[in-house]
Amino acid sequence: MKINELKDKKILILGFGEEGMDTYKFLRKLFPNKILGIADKFKIQDLKSKAKDLIKKDKNLEFYFGENYLKAIKKYDTVIKSPGIFIHLPEVEKAFNEGKITSQTEIFFENIQSKIIGITGTKGKGTTASLIYQIFKKAGIKVYLIGNIGKPVLSFLFRKRQKNEVFIYELSSHQLMTLKTGPHVAIFVNIFPDHLDYYKNFKEYFFAKANICKYQKKDGCFIYNADYLIIEKIAKKIQAKKIPFSLDFKKINQFKKFIFEKKVNIGSTIPAVIAAKLFKISDEKIIAGIKNFKNQKHRLEFIGKFKGIDFYDDSAATIPEATILAIRVLKDKLETLILGGSEKNLDFSNLAQEILKTKIKTIILFPSTGQKIYEEIKKIKNKNIQKINFLNVNNMKDAVVLAYKFTSLNKICLLSPASASFGIFKDYKDRGCLFKKFVAQG
């Protein structure tokens, strides 16, 4: 939606978390005296202090807080929805079908004149986006990291455009689901079943992700992982120039000089290198950018050697495929693995197979999926099962105590849960921070 189209619309901000607050600031700067609606499932007294402080003196607001907040939708022409609001709520779905739903992402895409590199995927999109940002910054390009891991986007629409600036935009399936335009460069790093508590099925989840390339123009470019046939199939239908890549070790010779062991995984390095070359960045500057890159927190992050044991925090691994990748990176030195968390109806059979190929001796399990993972491993008739010590815990402190007890000197203990964090922990960041805290305490 173009900014000038908002002028005569009756607008509702749906969801008043971080993105909703940013949307409010954007709209109020555009329209100082316009009546705006704000709707959120939380009661106004339960909002964060900064949210309450932001709106308490604004007399041109209509509030819809609490359990009936969705009833406000029918009163408005345009609804700017926060990504976390479930699309299949009847009132939201009806508004979406009527064309009333838009988002920060859509407003940004349709109004910014600079080039955007959009990155999506089930796992690794944040690392890929951060790596591209680091390479471009090192090469002297005016670049901004935005989206889930960067700055809020709408404030950039008030700035004077700078020549040759580039926006690196990490895009979740929630942000992409309602998008009807595409970035100049779209990157699709991988796809696994995830968020099946939000989407009707994997197909719907995938097609939300696929919006990153669906609306690209002929002068755009789509960089994608061709190891996934479902992505390859979508690629055949789009207008943009297509650049496939593979993580098959037989096919990565041209990228070997850019791949540094344990620096960053190849699933993020290869698409980042391809994107950099599209912008004519030299190999020397690409290598310099990669060498200066630090992995994001809680994403296969080496947190140090304590009492002779190497500890890695991969708390952001909320699906089994992410844990499989972590196991493959750490290989033979991995001796203790901490798994399990809240249920998202995921299949752990491939993870079980991968574990039994390794030299892992101790597996520490959190509820509730810890039991499910254990049962998947026990299903497999493999003599290696007898060598694994399975331990159940209900809190991070006990998990770390057991990790110290059962991990040998110069071996690795890895937190890579293959599951969401809710239940015992607030989120994956809380889980990772507690792991670091108790590891440091020894």
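## A salt bridge within one helix

Glu376 and Lys379 are three residues apart in helix H14 (residues 369-379), so about one helical turn separates them; helices here are DSSP runs of H or I with at least four residues, strands are runs of E with at least two, and both are numbered from the N terminus. The two residues form a salt bridge, with 3.3 Å between the closest N and O atoms. A salt bridge is counted when a side-chain nitrogen of Lys or Arg is within 4 Å of a carboxyl oxygen of Asp or Glu.

Glu376 is buried at a relative accessible area of 15%, whereas Lys379 is exposed at 60%. Buried means under 20% relative accessible area, exposed over 50% and partly exposed in between, using a 1.4 Å probe and protein chains only.

## Basis of the values

This is a predicted model, in which local features need pLDDT of at least 70 and side-chain atom pairs count only at pLDDT 80 or more, while totals for chains, interfaces and linings use all residues. Residues are numbered from 1 along each chain as its sequence is written, and side-chain values use heavy atoms, with hydrogens and water left out.

## Other salt bridges

The count of salt bridges comes to 19. One of them joins Arg28 and Asp58, whose closest N and O atoms are 2.8 Å apart. Arg28 lies in helix H2 (residues 18-30) and Asp58 in the loop between helix H3 (49-55) and strand S3 (61-65), so this pair ties together parts that are 30 residues apart in sequence. Both Arg28 and Asp58 are buried.

Asp194 and Lys344 form another salt bridge, at 2.5 Å between the closest N and O atoms. Asp194 is in the loop between strand S9 (185-188) and helix H8 (202-214), and Lys344 is in the loop between strand S14 (334-339) and helix H13 (349-355), so the pair connects parts that are 150 residues apart in sequence. Asp194 is buried at 2% relative accessibility, and Lys344 is buried at 10%.

## Aromatic rings

The whole structure holds 26 aromatic pairs. Rings of Phe, Tyr and Trp (its six-membered ring) pair if their centres lie within 6.5 Å; planes under 30 degrees apart are stacked, over 60 edge-to-face, and the rest tilted. Phe109 and Tyr169 form a tilted pair, with 5.6 Å centre to centre and 40° between the planes. Phe109 is buried at 8% relative accessibility, as is Tyr169 at 1%. Ring pairs link Phe108, Phe109, Tyr144, Phe156, Phe167 and Tyr169 into a cluster.
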